[in-house]
Amino acid sequence: MLRRPLQGRLEIARLESRALQRNALGDPNVRSLAVYLPPGYDAGGSFPVVYVLPAYPSTALSLASDDVWKANVFDIVDRLLANAACAAAIVVGVDGSNAFGGSQFLDSSATGAYQTYLRDDVIPFVDQRYRTVASAHGRAMVGRSSGGFGALRFAMDCPGHVGAVASLAGDAGFEVSLRPMFGPACVAFEGAGGFGPFAERLRAEGPRSGGEYDAAFFVAAAAAYAPEPTAPFPHAALPVDLRTAEVIPAVWERWLAQDPLVRSETQEATDALGALTCLALDAGNRDEYGLHFAARALANRFRARGIAVDHTEFDGGHRGTTPRFEAVLPRVIAAIARR
């Protein structure tokens with residue numbers, strides 16, 4: 001079936017970010033936001049907002065991909081509204097990409113202040129430009145894969161800014177999801193002449209093959225999780241010896257400290273997540289990176305700490321899961337629309 005025209009409308013807004021000015025990679029600080037306005041928006045009133053963080057290596061415009069047969073995120077929310085399956089909301093696709101493919105939506109001296117950009121640039125810009133419910137209880141943040149990681153970490157690190165969060169196969173459980181990448185990443189780095197040369201080539205042209213994709217993510221992860229301002233480019237620390245692929249414990253501990261599974265053990269994270277009106281985890285039971293195991297572990301940790309969590313598992317893997325937004329969006333929109 002061909003995609004039908006939107007009943008709402010999609011705008012591309014341009015935001016000049018203060019947080020991303022003079023970032024370490026020289027990436028542009030002017031970013032696009034894909035903003036869906038629901039039917040009836042022009043009639044007046046204020047609307048809750050869902051911020052959607054894309055997966056690695058995608059942008060806000062990737063979320064609006066124009067495929068003849070496949071629905072994108074904005075098609076999905078438009079169809080939900082047409083079927084009265086959720087309340088009206090503004091949906092904002094956010095760009096957190098960088099020269100390495102993605103920022104993990106964290107602040108890093110090796111890439112830029114991307115979490116600050118979300119908090120201090122994106123949310124105020126949307127509140128000023130559109131008729132929003134301009135408070136935490138009127139905002140949700142949803143993401144898939146790296147975007148799911150970013151949404152969870154934003155909720156933990158920036159309390160009082162969103163009232164509902166959903167992570168769809170979000171990066172977590174690094175011992176299971178990231179450690180298997182060590183060997184293949186070392187092969188790719190060695191083939192390029194080292195970590196620095198691979199990162200330089202990645203910045204210039206992206207991964208050359210599917211085999212280099214995970215190594216590319218490894219560069220982005222290193223820059224996000226273990227920045228080293230005084231080290232050679234890409235100014236980041238790897239948790240593995242490139243010659244032997246053995247773990248370097250001190251660096252790996254720095255990476256693990258960024259894992260939502262580890263961070264969820266802190267009282268600050270418990271308080272922040274406990275204040276949410278909806279916390280949803282969604283993953284396929286055959287996720288190629290084992291992120292369904294991470295979601296199970298997170299759900300267990302949250303419940304053990306008295307945090308209510310809506311944990312759903314479906315039959316599938318990590319890729320091609322955009323349709324899962326149809327199951328998740330109504331839950332988070334209901335949580336921010338009922339106040």
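**Crossed helices, a mixed sheet and a lined pocket**

Helix 5 and helix 6 are roughly perpendicular to each other (an angle of 65 to 115 degrees). Their packing angle is about 85°, and their axes lie 7 Å apart. Axes here are lines fitted to C-alpha atoms, for helices over the stretch in contact, and angles run from 0 to 180 degrees between N-to-C directions. Helix 5 covers residues 182-192, and helix 6 covers residues 195-205. Helices (H or I, at least four residues) and strands (E, at least two) are DSSP runs, numbered from the N terminus.

This is a predicted model: local features need pLDDT of at least 70, side-chain atom pairs count only at pLDDT 80 or more, and totals for chains, interfaces and linings use all residues. Residues are numbered from 1 along each chain as its sequence is written, and side-chain values use heavy atoms, without hydrogens and water.

Helix 5 has another crossing, with helix 7. These two helices pack at about 95°, with axes 8 Å apart. Helix 5 and helix 7 are therefore roughly perpendicular to each other. From helix 5 come Phe-182, Ala-185, Ala-188 and Phe-189. From helix 7 come Ala-215, Phe-218 and Val-219. This contact divides into seven nonpolar residues, no polar and no charged.

Eight strands form an open sheet with mixed pairing, in the order 1-2-4-3-7-8-9-10. Two strands pair if DSSP finds at least two bridges between them. The edges are strand 1 (9-16) and strand 10 (310-314), each pairing on one side only. On average, neighbouring strands are turned by 20° against each other, direction ignored. Within the order, strand 3 (residues 49-53) and strand 7 (residues 139-144) run parallel, joined by five bridges. Leu-53 has Gly-143 of strand 7 as its bridge partner.

Helix 1 (residues 73-82) lies across strand 1, strand 2 (30-37), strand 3 and strand 4 (90-93). It runs at about 20° to strand 2. Helix 11 (residues 291-304) lies across strand 9 (278-284) and strand 10. Its angle to strand 9 is about 155°.

Next come some local backbone features. Tyr-56 and Pro-57 are joined by a cis peptide bond, with omega about -10°. Pro-57 sits in the loop between strand 3 and helix 1. Another cis peptide bond joins Phe-233 and Pro-234, with omega about 15°. Pro-234 is found in the loop between helix 7 and helix 8 (249-256). Ala-84 is not a glycine, yet its phi is positive, about 55°. The loop between helix 1 and strand 4 holds Ala-84.

Helix 1, helix 7 (210-225) and helix 12 (325-337) each supply at least two lining residues. The lining has 18 nonpolar, 11 polar and eight charged residues.

Technical notes: Contact = heavy atoms within 4.5 Å. Nonpolar A, V, L, I, M, F, W, Y, C, P; charged D, E, K, R; others polar. Parallel < 35°, antiparallel > 145°, perpendicular 65-115°, else oblique.
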